[in-house]
Amino acid sequence: MCLPIREGGTSSMESPNLEFEYGDTDSLTTELSEIYSYTEEPEFALNRDYFEEDFRSHVRGRRWIELGQEQQKAYVMRLLDALEVTDRDKRLKVARAILYLAQGVFDECDTDADVIHWSRHNVFLLYDMGIFTALLELLSMEMDNNQACSSTVRKPAISLADSTELRVLLSIMYLMVETIRLQTEDDRPEWSTAREAFKTELGSPLYNGEPFALLLFTMVTKFCSMNAPHFPMKKVLLLLWKTILFTMGGFEELQEMKVRGRERLSLPPLPEDSIKVVRSMRAASPPASAMELIEQQQQAKRGRRSRRPLVKQDSLDTYNERDPFKNDDARDEEEDGEEADSGIEGEVDPLDSDVIIQPPPPPLRPPTESASLPKGLPWAPKVREKDIEHFLETSRNKFIGFTLGNDTETLVGLPRPIHESVKTLKQHKYVSIAEMQIKREEELQQCPMTLGEEDVDETPTEILYLGMLPNLSQYVIALLKLLLAAAPTSKAKTDSINILADVLPEEMPITVLQSMKLGIDVNRHKEIIVKAISALLLLLLKHLKLNHIYQFEIVSQHLVFANCIPLILKFFNQNILSYISAKNSICVLDFPHCVVHEMPELTAESLEAGDRNQFCWRNLFSCINLLRILNKLTKWKHSRTMMLVVFKSAPILKRALKVKQAMMQLYVLKLLKIQTKYLGRQWRKSNMKTMSAIYQKVRHRLNDDWAYGNDIDARPWDFQAEECALRESIEKFNSRRYDKNQNGEFAPVDNCLQSVLGQRVELPEDFHYSYEMWLEREVFSQPIQWEGLLQQAQ
């Protein structure tokens, strides 16, 4: 996503506002370019050459874009037949020709837009002719190629050449899924029909009785178990992410499904559209660290003595404390207006006890503009049923001396202010879909015969969960292993998995320029893997939570047990501003630019300079996704919140607030809010501006004392007990819904002796030969206590 850097002077310590719009994916051209590594660039010409060699032998004197629809179909049918040959090299050549078609016959195009247009046209044509099914058979065959697996396991170094066939197949499939997934205004009616058919096909158990995503999950686990180290993991993960995004739906579809789900359960509508609220939020100025404050104090003492007013010595230390990331001489009007409205600003050194703060200078923005800012808090407050019950229980104990259980209606004996409080709480009561599902599950567990079997909709989410359930822990652990290997904070270990198999060339670089190019390629490769895994896990968690809360809980628990929480904190324990502004892209090598335009000469200086983007879209996207996953894992889980405290996440998260992007700051503040009461009074005292930002930006729970910590002594931290209780509920749910033999104890019993003895029993063949021995051992030699039997019968 290419955005120009905003004009205007910025100091070295300033963190600019990031004009970032969160979505399901980046732009189409960016998403298509990320499937290829820069080391794969020579293969574009190879694909073209194989296509033209075959095309010219059958269609003379004409180009592909000049053919009619029927002629194009006839040629694709020829390629489809040629895919079934037994010769491996011939199959690869045909697959490369198909890949060239999916890439948009770029040699016949003049602009990037032409390439995208013809790629779209060709992809729908390829799907219509049944190419995807043929590619799937070839992919299954390559996965089961034990010879290739065993040879790569023995190899000391794996390169691009070891995964050529797989890379070509996965690239075509990715182009098909990503292109068909996107809906455009100028789509033909038959394309819309094809999109729905393809979506249904990918989400249904049509491929060996399992959905396509499960096949890709199997590839991931096979790679992580070191049985297939040549699998091109980046392509597999990108295809897996886009498949789940296509079949289940993105964030907009999730919101619509949530609205429909609440209507179906007769619940009141959502108080607001969370996507719109987050998009309308504005970033706050980040808090300063102690080192930055010291540096700023020293700069202020050296450079601004002549301009300082006469103030007390202690207040000189905090001069310009209003925002240490701003330079007074070069301050944007827009940024100044945001400062006046922001919640997180430079924070005073906690060691400085006698501080007088300078009054801030008047805002530069005219008052008429600030009047248009939204008033009030961005979120409507919410209250849970159990919060009302807890409030009434406390009030009754205090004023009456006894409680009435879960009764939230009887207010006899309680003073008038309590009546008003209960009325306010009920006005903001929010019942989630998850609470309704838990309640329904408890009813089904208690009355299995009365309520009968549950009607379960065969949604793509349900089908995928059912397929993943037997090996769920393996899939989760494999994804986290890959995330750990791709994280920038990870150190190379001899026993770690090699995720660079599909980026390293056969011949290693020999010049400085080649080394720089490969270094950028490797970093880009890792960033794309992090992006794919973070988006995949977040989508999976959100869809499973909407489908059934216990499906979400089992995946969450596997993530927690596989150390997902410390892994994400380790990821953020770096210079996050540097990560988000990393320039690991070479625009002239990105597809389709590199195949349409003349290639300029690359120099070490141009590679060092990088692009002119203000930030790296995929890295900011990954950071927000990981923060959202962390929020989902810890929300309403006391023991997991305590893990955040134990792993000292507060300073790590506080550093992440330096990124001036509203959505990222929101999820950081949420994570700080849930652990604030456990961080101690001194932390709250020295981070009051962070506390103010939490108040301004995070949703309120009316009777949540998050800022005070009154219930710390009352709630011991018993991680094992909480997780075991949750696991028991999950296992009961899975057993009831998916265990086919669950109702064996409720089956009718035949008590008639004659009919029971008259039933034919299938016996193994060898039983006839050893019948007498069995009779002797099991019947005649066993003493029978007849009196005991008679007593038991009585």
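Is Phe-55 buried or exposed, and what is its relative accessibility? At 3% relative accessibility, Phe-55 counts as buried (under 20% relative accessible area, with a 1.4 Å probe and protein chains only).

This is a predicted model, where local features need pLDDT of at least 70, side-chain atom pairs count only at pLDDT 80 or more, and totals for chains, interfaces and linings use all residues. Residues are numbered from 1 along each chain as its sequence is written, and side-chain values use heavy atoms, leaving out hydrogens and water.

**View A. Phe-55 meets Trp-64 in an aromatic pair.** The structure holds 30 aromatic pairs (ring centres of Phe, Tyr or the six-membered ring of Trp within 6.5 Å). In this one, the ring centres of Phe-55 and Trp-64 are 6.2 Å apart and the planes stand at 65°, so the pair is edge-to-face (over 60 degrees). Trp-64 is buried, at a relative accessible area of 0%.

**View B. Phe-571 and Tyr-579 are also an edge-to-face pair.** Here we have 5.3 Å centre to centre and 85° between the planes. Phe-571 is buried at 3% relative accessibility, and Tyr-579 is buried at 7%.

**View C. Ring pairs build a cluster.** Among its members are Tyr-36, Phe-44, Phe-55, Trp-64 and Phe-591.

**View D. Two charged residues lie over rings.** The charged end of Lys-242 sits over Trp-241, 4.6 Å from the ring centre. Arg-524 lies over the face of Tyr-38, at 4.3 Å from the ring centre. The criterion is NZ of Lys or CZ of Arg within 6 Å of the ring centre and within 35 degrees of the ring normal.

Notes. Buried means under 20% relative accessible area, exposed over 50%, partly exposed in between (1.4 Å probe, protein chains only).
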